[in-house]
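Here is a short tour for a reader new to this structure. Keep the sequence and the 3D view at hand while you read.

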Amino acid sequence: MLLPEDIPTLLRPTAAAALVWLNRERGTNYALTGLANVEMAEVDTLPAEPFELGLVLCDGDICAREQVRVRSAGDAHEFSFVEAPPADIPPLLDPPAGVRSRWLDQQLEKFDFILLLFYRGRW
């Protein structure tokens with residue numbers, strides 16, 4: 001996964017435009033927190049043919065991964081959702097809103113600190 005600061009300069013406008021499109025289509029308010037499945041060799045130039053971006057998105061306690069197909073035409077982009085078969089990593093990366101924070105609060109009452117391990121979309 002590429003963190004926002006590691007996203008290649010060439011892909012940043014495309015990822016930002018995909019985020020705006022996705023939020024408008026889904027009626028969400030996600031922020032882009034990274035890209036998944038990006039090969040560095042793929043980003044020297046934007047391909048003329050459609051390509052896919054794995055967007056890692058967060059909005060408060062909820063994080064998700066969305067696979068988006070991008071078709072570039074100069075400076076403009078067309079986006080569509082990619083219907084993917086069920087994967088080992090679920091599209092919703094966090095528990096439902098409030099569940100994790102409530103559990104964290106309960107654990108912090110019992111212990112001085114806790115360690116959370118996030119591995120491949122699972123806590």
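## The disulfide

The torsion about the S-S bond of Cys58 and Cys63 is about 105°, so this disulfide is right-handed. The sulfur atoms of Cys58 and Cys63 lie 2.0 Å apart. A search of the whole structure turns up one disulfide. Cys58 and Cys63 are both buried. A disulfide is a covalent bond between the sulfur atoms of two cysteines.

## Confidence

The model is predicted. Mean pLDDT for the protein is 80, and 76% of its residues reach 70 or more. Among the elements, helix H1 (residues 12-26) has the highest mean pLDDT, 94. Helix H2 (residues 99-110) has the lowest, 77.

## The nonpolar core

How many residues make up the largest nonpolar core? That core has 20 residues. Leu32, Leu35 and Leu55 have the most contacts inside it. Helix H1, strand E1 (31-36), strand E2 (51-59) and strand E3 (62-73) each supply at least two residues of this core. H1 gives the most, with five residues.

Take Leu32. Leaving out residues up to four places away in sequence, Leu32 touches Pro4, Ile7, Ala15, Leu19, Leu55, Val56 and Leu57.

## Asp59 in strand E2

Asp59 sits in strand E2. Is Asp59 buried, partly exposed or exposed? Its relative accessibility is 36%, so Asp59 counts as partly exposed. Apart from neighbours within four places in sequence, Asp59 is in contact with Asn29 and Tyr30. The C-alpha atoms of Asp59 and Ala31 are 6.3 Å apart, although 28 residues separate the two along the chain.

## The aromatic cluster

Trp21, Phe79 and Phe81 form one aromatic cluster. The structure has two aromatic pairs. The table gives their geometry.

| Pair | Distance between ring centres | Angle between planes | Class |
|---|---|---|---|
| Trp21 and Phe79 | 5.8 Å | 35° | tilted |
| Trp21 and Phe81 | 4.6 Å | 40° | tilted |

Trp21 lies in helix H1 and Phe79 in strand E4 (residues 76-81), so this pair ties together parts that are 58 residues apart in sequence. Phe81 also lies in strand E4, so its pair with Trp21 ties together parts that are 60 residues apart in sequence.

How accessible are these rings' residues? Trp21 is buried, at 11% relative accessibility. Phe79 is buried too, with a relative accessible area of 14%. Phe81 is partly exposed, with a relative accessible area of 23%. Arg26 lies over the face of Phe81, at 3.9 Å from the ring centre.

Definitions and conventions
Residues are numbered from 1 along each chain as its sequence is written. This is a predicted model: local features need pLDDT of at least 70, side-chain atom pairs count only at pLDDT 80 or more; totals for chains, interfaces and linings use all residues. Side-chain values use heavy atoms; hydrogens and water are left out. pLDDT is the predictor's confidence in each residue, from 0 to 100. Helices (H or I, at least four residues) and strands (E, at least two) are DSSP runs, numbered from the N terminus. A nonpolar core is a set of buried Ala, Val, Leu, Ile, Met, Phe, Trp, Tyr and Cys residues joined through side-chain atoms within 4.5 Å. Buried means under 20% relative accessible area, exposed over 50%, partly exposed in between (1.4 Å probe, protein chains only). Contact means heavy atoms within 4.5 Å. A disulfide is a pair of cysteine sulfur atoms within 2.5 Å. Rings of Phe, Tyr and Trp (its six-membered ring) pair if their centres lie within 6.5 Å; planes under 30 degrees apart count as stacked, over 60 as edge-to-face and the rest as tilted. A charge sits over a ring if NZ of Lys or CZ of Arg is within 6 Å of the ring centre and within 35 degrees of the ring normal.
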